[in-house]
Amino acid sequence: MTLQATTGSRLIRIFSVLLILPAVALVTFLVIFPLIWALGLSFYSYNVIRGEAPVFVGVENYYRLLNSLDVWRRFVLTGQFVFYAVSIEFLIGFGLALLFYNQFSGRRLAITLVTTPLLVAPVAVGIFHRYLFDATFGVYSYFAQLITGQSVKILSQHPMFAIIFMDVWQWSPFMMLFILAGLEAIPKHMLESSEIDRLSMFTKFRYVVWPTIRPLVALALLFRTMDAFRTFDTIFTLTGGGPGTATEVLSIQIYRIAFQFFRTGEATALAFIFLVIIVLLTNIYLRLARRE
Amino acid sequence: MVKVRAENITKIFKTLKALDNVSVTVDHGLFFCLLGPSGSGKTTLMRIIAGLETPTSGSVFFDDEDVTDLSPSERNIAMVFQFPSIYPSLNVYDNIALAIRREVKSKQDERERVRWAASLLRIEEHLNKRHHEIDFGILQRVSIAKAIVRNARVFIFDEPLSNLDTKLRESLRSEFQRIHREVGGTFIYVTHDQLEAMAIADRIGILRDGRLQQVGSPDEIYYHPVNKFVAYFIGSPTINFIDTKLKLVESKLYASVGDSHIELGEAAKFALQSRQDKLENIQLGVRPHDISISTAPVSDSIPCYVNYIESLGTVLLVELKSGSASFKCLCDAGLNVREGMQVYAVFNKEHIHVIDAETEMVII
């Protein structure tokens with residue numbers, strides 16, 4: 001009886017290991033192994049085109065990158081892009097969430113319409129924004145001219161504005177969905193109670209609304225910040241990082257170093273620096289969200 | 001404290017008529033219970049008085065002021081909800097203090113009032129604790145403290161005990177009258193628990209299907225229900241309804257119970273005189289407390305046999321059968337009755353209700 005039971009449970013254990021083995025193998029060969037390989041590569045000088053043997057250079061790649069004014073400028077640029085894009089998305093998302101928190105006829109349809117940008121493929125977003133921003137026949141340029149009274153070449157004069165605008169256009173609904181979910185989780189009796197307690201709008205927000213929505217807001221900000229940091233496709237198709245390097249965020253710079261200049265070792269080093277930043281940011285947000 | 005007057009309140013939610021022309025007055029400083037089964041409209045009426053809901057038609061007055069269009073905060077009411085309404089980021093003291101932030105003149109005043117409310121609810125030792133450090137029962141006490149600390153015109157309680165376990169509920173229930181005495185305001189208390197209402201209220205208003213059935217003191221409602229529903233809803237164990245036929249013999253009024261008859265009192269006779277022709281379709285309403293069991297025949301008793309016995313601890317709930325009539329009575333656990341035994345039921349004639357089965361109105 002006991003023997004049978006142990007054999008049975010051992011069989012189950014072996015069977016379960018067999019079941020997850022393909023997935024583990026896939027992840028190991030396609031994710032973990034390349035990651036470790038890349039980490040090793042970041043300590044070598046290597047050019048994938050020349051096909052020469054990699055030369056071990058120690059931390060030189062990192063040293064050079066972290067001391068390069070150029071790289072720092074990209075960091076600042078990326079930081080600016082992320083900060084403005086995510087902040088504006090948060091504000092617009094919050095506004096939309098408050099709007100949709102009220103019940104009105106056609107609300108569901110309106111939510112569906114507002115969230116459609118989320119469904120558009122990033123490359124398509126980049127390409128059609130290029131037309132929208134076009135200096136001669138773009139719709140945005142037309143309105144900009146109506147407002148300012150002069151012809152504005154948005155993509156060449158305010159490229160940073162253009163990429164932030166595009167990101168906000170696509171991702172504000174995402175913020176809205178999270179914040180709306182948070183608002184709808186506030187117990188009704190707490191809202192009524194705060195009304196009866198005669199709390200001001202601000203106090204009501206601080207003590208009733210904010211504690212409930214905070215974890216969801218943190219999560220939305222976390223997702224958006226990480227995502228905005230690694231934005232590549234939309235910006236690449238809209239401006240290609242230009243004009244010059246005006247919108248060359250880190251991900252585009254990594255792409256250029258790796259696939260235009262083929263300094264593979266250096267590119268992996270930069271990618272790892274990038275990874276560390278994202279992991280750090282994630283931790284900060286998660287810590288903020290959990291703090292009670 | 002104010003006198004609360006709801007006049008001709010009707011409330012329609014889409015197709016559902018939740019309240020149908022309800023008028024009720026709650027006098028200054030009274031402890032008033034709105035009682036009814038779920039879906040009776042008691043919560044809707046309470047929410048309309050609180051200002052959380054607007055009536056489809058009708059008005060609400062606080063003293064002589066029409067407050068129908070005022071918000072809850074403009075009405076200056078305090079309220080306790082079914083679930084604790086505690087701000088999680090504040091400790092207990094600050095939660096209570098926040099409720100009177102607009103009322104206090106000084107920090108000293110605030111401290112005194114918070115301490116007064118906390119001592120009234122016996123939560124002094126929890127004042128520095130936070131939401132997650134105290135259990136549900138204490139949280140609900142804090143919610144009550146948050147309400148009674150206010151200088152509100154009306155204090156409203158929306159089934160504040162219904163989510164507590166039995167022990168906590170009993171202990172808080174017994175304190176409510178004391179709290180009311182100390183606070184001295186007009187209390188409106190909604191509950192579906194008739195025991196709760198009977199125990200704490202000065203006056204009770206009973207609702208059913210959006211209509212007010214009866215308003216009265218607990219005793220009035222218990223001893224003089226106006227209709228079958230009120231008689232049925234109030235009292236535990238539930239009142240017996242016995243189909244009967246009335247008969248006048250030599251100017252005495254008899255009512256049949258199963259195979260035998262009992263004589264009804266003068267009052268019943270007097271009340272029934274006006275409807276001489278309609279002595280059919282009548283029911284007797286007798287509470288289990290008002291039926292006693294005798295093992296030997298006594299005058300004016302009904303011979304019956306014991307059908308079923310349920311022990312309620314110190315008392316027994318005994319179901320008796322006499323012919324087609326069956327009814328329950330309460331008797332002492334010491335009484336030696338067994339199922340199937342022949343006994344004699346004696347009705348307390350003072351408290352027999354005669355009910356018109358058609359209109360469901362209590363004739364006496």
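Predicted model: local features only at pLDDT ≥ 70, side-chain atom pairs only at ≥ 80, totals over all residues.
Strands here are DSSP runs of E of at least two residues, and helices are runs of H or I of at least four, both numbered from the N terminus. Two strands count as paired if DSSP finds at least two bridges between them. Strand 15 (residues 282-286) of chain B runs antiparallel to strand 21 of chain B, and 4 bridges join the two. Within this pair, B:I282 has B:D356 of strand 21 as its bridge partner.

A further open sheet of chain B has 6 strands in the order 6-7-8-3-9-10, and its pairing is mixed. Its edge strands are strand 6 and strand 10 (211-216) of chain B, each pairing on one side only. Here the twist averages 20° from one strand to the next. Strand 3 (residues 31-35) and strand 9 (residues 203-208) of chain B run parallel and are joined by 4 bridges. B:C33 is bridged to B:I204 of strand 9.

Chain B also contains a hairpin. Strand 1 (residues 4-13) and strand 2 (residues 16-26) of chain B pair in the antiparallel sense over 7 bridges. The two strands have 2 residues between them. In the turn, B:K14 has a positive phi of about 50°. B:I9 finds its bridge partner in B:V22 of strand 2.

As a whole, chain B has 10 helices and 21 strands. Its C-alpha trace spans about 80 × 45 × 35 Å along the principal axes. Of the 364 residues in chain B, 41% are buried. A residue is buried if 20 or more other C-beta atoms lie within 10 Å of its own, exposed if 12 or fewer, and partly exposed in between; the C-beta atoms are placed from the backbone. Among contacts in chain B with a separation of 6 or more, 66% join residues 24 or more positions apart. A contact requires C-beta atoms, placed from the backbone, within 7 Å of each other. B:L195 lies in helix 7 (residues 194-200) of chain B. B:L195 is partly exposed, with 14 other C-beta atoms within 10 Å. B:F62 is 133 residues from B:L195 along the chain, and their C-alpha atoms are separated by 29 Å.

Between the chains, 16 residues of chain B are in contact with 12 residues of chain A. On the chain B side, helix 2 (72-75), strand 6 (77-80) and helix 3 (92-99) each supply at least two residues. Strand 6 of chain B gives the most, with 3 residues. The residues on this side divide into 12 nonpolar, 3 polar and 1 charged. Ala, Val, Leu, Ile, Met, Phe, Trp, Tyr, Cys and Pro count as nonpolar, Asp, Glu, Lys and Arg as charged, and the others, Gly among them, as polar.

In chain A, helix 8 (residues 159-184) packs against helix 10 (residues 201-229) at an angle of about 160°, with the axes 8 Å apart. The two helices are therefore roughly antiparallel to each other (angles under 35 degrees count as roughly parallel, over 145 as roughly antiparallel, 65 to 115 as roughly perpendicular and the rest as oblique). Contact residues include A:W171, A:F174 and A:F178 of helix 8 and A:L216, A:A220 and A:R224 of helix 10. By class, this contact has 13 nonpolar, 2 polar and 2 charged residues.

A:V86 belongs to helix 3 (residues 69-101) of chain A. A:V86 is buried, with 24 other C-beta atoms within 10 Å. Leaving aside neighbours within four places in sequence, A:V86 is in contact with A:L221, A:R224, A:T225 and A:A228. A:V86 and A:W171 lie 85 residues apart in sequence and 8.7 Å apart in space, C-alpha to C-alpha.

Residues are numbered from 1 along each chain as its sequence is written, while chains are lettered from A and ligands numbered from 1 in the order in which they are written. Local features need pLDDT of at least 70 and side-chain atom pairs count only at pLDDT 80 or more, whereas totals for chains, interfaces and linings use all residues.

Key:
Contact = placed C-beta atoms within 7 Å. Axes fitted to C-alpha atoms, helices over the stretch in contact; angles between N-to-C directions.
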